[in-house]
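I opened this model to look up two things: how the chains relate, and how one chain is divided. My entries follow the display.

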2 protein chains.
Amino acid sequence: MKNHDVNDQRLTIGVDLGATKIEIALVDGEGRIIRRTRQPTEAKHGPAHIVGELASSVAAMIPSDDANAVIGLGVGVAGQVDTEAGIVRAAPNLEWREFPLRQHLEAAVKLPVVVMNDVQAATYGEWLHGVARNAEDLVCLFVGTGIGGGIVAAGRLLQGSTGNAGELGHTTIDRNGPKCSCGNHGCLEAFASGWAIARFAGQRMSWRGSEAMTAGDVSEAYRRGDDAARQVVDEIGRALGVGLANIANSFNPTLIVLGGGVIDGLPELLPIAEAEARVRALAAATRKLRIVRAGLGADAGAIGAARRACDRILGDAVPG
Amino acid sequence: MKNHDVNDQRLTIGVDLGATKIEIALVDGEGRIIRRTRQPTEAKHGPAHIVGELASSVAAMIPSDDANAVIGLGVGVAGQVDTEAGIVRAAPNLEWREFPLRQHLEAAVKLPVVVMNDVQAATYGEWLHGVARNAEDLVCLFVGTGIGGGIVAAGRLLQGSTGNAGELGHTTIDRNGPKCSCGNHGCLEAFASGWAIARFAGQRMSWRGSEAMTAGDVSEAYRRGDDAARQVVDEIGRALGVGLANIANSFNPTLIVLGGGVIDGLPELLPIAEAEARVRALAAATRKLRIVRAGLGADAGAIGAARRACDRILGDAVPG
């Protein structure tokens, strides 16, 4: 793992570019957010429009008294990203394909730009400045509308051969299970993601309409002692635990970090998932394993994008 | 990935220490076996006895005209191994626990010794000298009596925090599936390993007794056009494909290497497994993926153990 000088005062701008909103943060060398802004993602106007909007916000964030204080810009995008080429290969929620984001953004903001996958960015954030500091082997699992994973192995962030390492939401835990958004059957995401919980709770908790059901609604009913809600939470938690066991046996990390809106809205899932994981996984693979909640919340993506950009830009500039 | 001089003539001895037999090979810098021997594993006499037998065989293998030609010894052990400490933490088939194999062997053979997990050794062999040469991201899956995996990510062999990375046979593909040897339910190993095939074929192919059923027997019946055998092969192949899809989505390798006795005895599984994997996995994660058979056969473990020992011993000796 890289060592970071705690007095490091270099600034980088981090962007978490999601399907509905864009988080932009000015981040210092210790991972602290100095300034931040949020704007809606106007995806329907196309990528050039988003680049323009982003460039304006970035320009407004650069300190007017010291324009050279900001060394670069990191952008995490929900989708398949080729970091080396600076190209977003496919971002279905934005309807982007093969968009050279780095090239367009660098021309617009006049700063070095690093593009990356948003979950990998958030994992980097948790690793450097969140709950996973100093861990050599960790897996972050972000459970929100969908489920994505980020992997650090032997002190390095894994990207995979085409940037798709860590698609843990789309690993099959029940080969005969329900259909997933990806087309497969029985993915972890088809059991424990926000959309799957809404569907499942809608089926099981007939005292409410299914259309408005969220992890938070289930949590509220669970806390009121609702029996159907208890069964739903138990079922979802155990499915999540199967996913955690698979992570433990595949990667043998010391730490699994759980974050995302579903975990925040329904933290009751954690002890159920952990108990199931420890029953299912090999004892040797879980002896040193801790399972914890993420520390940076919704800021992980922007902080991680900024810090990874900083490390890559300085790493590129400094020989060796 | 490390570059190896093709004219490298350093010799290392590699040992594949299994539950029933011990393979010992004198290996050159290009991964070629110069001399070899095989002996039964007399596990019932305890670890000290095995160390003594091993030391005699190793001594007999060192060239009498140039004792300094051999720089060290690498040993792959079926079990949980702490390579840094040189300790076999747990090898259930040998009934070893916390055995300091490196210390005992170094005292007996007067050579530097490196101990490692046998599947990780075989993966290293396939990576350096087998079918996976020059791949940066690959996963080897060895399907024999049990199923084990070895992972190379971004040009490095992953060991995990306690040496258990790659226990892919014990990832759950069907959470309600049959019981596995590890105590979990629905592991990949409970569907596609040698013991699972024997069990499954015994249930489905009632024209034969179940006790003697092997992958080879199933293959023979399949080639004769036996209908029950065809269904068994289809079912096992599709289960294996679920495992391959999970590997693709988790690690995003360019190459999955399939080896082991079940694959050798029943190569018909491969096209079925590959078709299932490509249907289930994300298109982005499999676009560049090739699924191939292992190249070194039963020699992979000894070759890999030797070559990894060589790299670690020279790497330790050379600063930087």
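I superposed chain B on chain A and found that a rotation of 180 degrees with 0.0 Å of shift along its axis does it, at RMSD 0.0 Å. I then looked up the contact residues (C-beta atoms, placed from the backbone, within 7 Å). The same surface serves both copies, as 100% of the contact residues of chain B recur in chain A.

I recorded the basis: this is a predicted model, where local features need pLDDT of at least 70, side-chain atom pairs count only at pLDDT 80 or more, and totals for chains, interfaces and linings use all residues. Residues are numbered from 1 along each chain as its sequence is written, and chains are lettered from A and ligands numbered from 1 in the order in which they are written.

Next I looked up the domains, whose bounds come from an automatic or database assignment. Chain A has domain 1 (11-123 + 299-317) and domain 2 (135-294). Their C-alpha centres lie 28 Å apart. Domain 1 of chain A gives 10 residues to the contact and domain 2 of chain A gives 13.

Which elements supply at least two residues of the side of domain 1 of chain A that touches domain 2 of chain A? I found strand S5 (80-82) and helix H3 (118-129) of chain A. Both are DSSP runs numbered from the N terminus (helices H or I, at least four residues; strands E, at least two). H3(A) gives the most to that side, with 4 residues.

Definitions and conventions. Contact = placed C-beta atoms within 7 Å. Least-squares fit on C-alpha atoms with pLDDT ≥ 70 in both.
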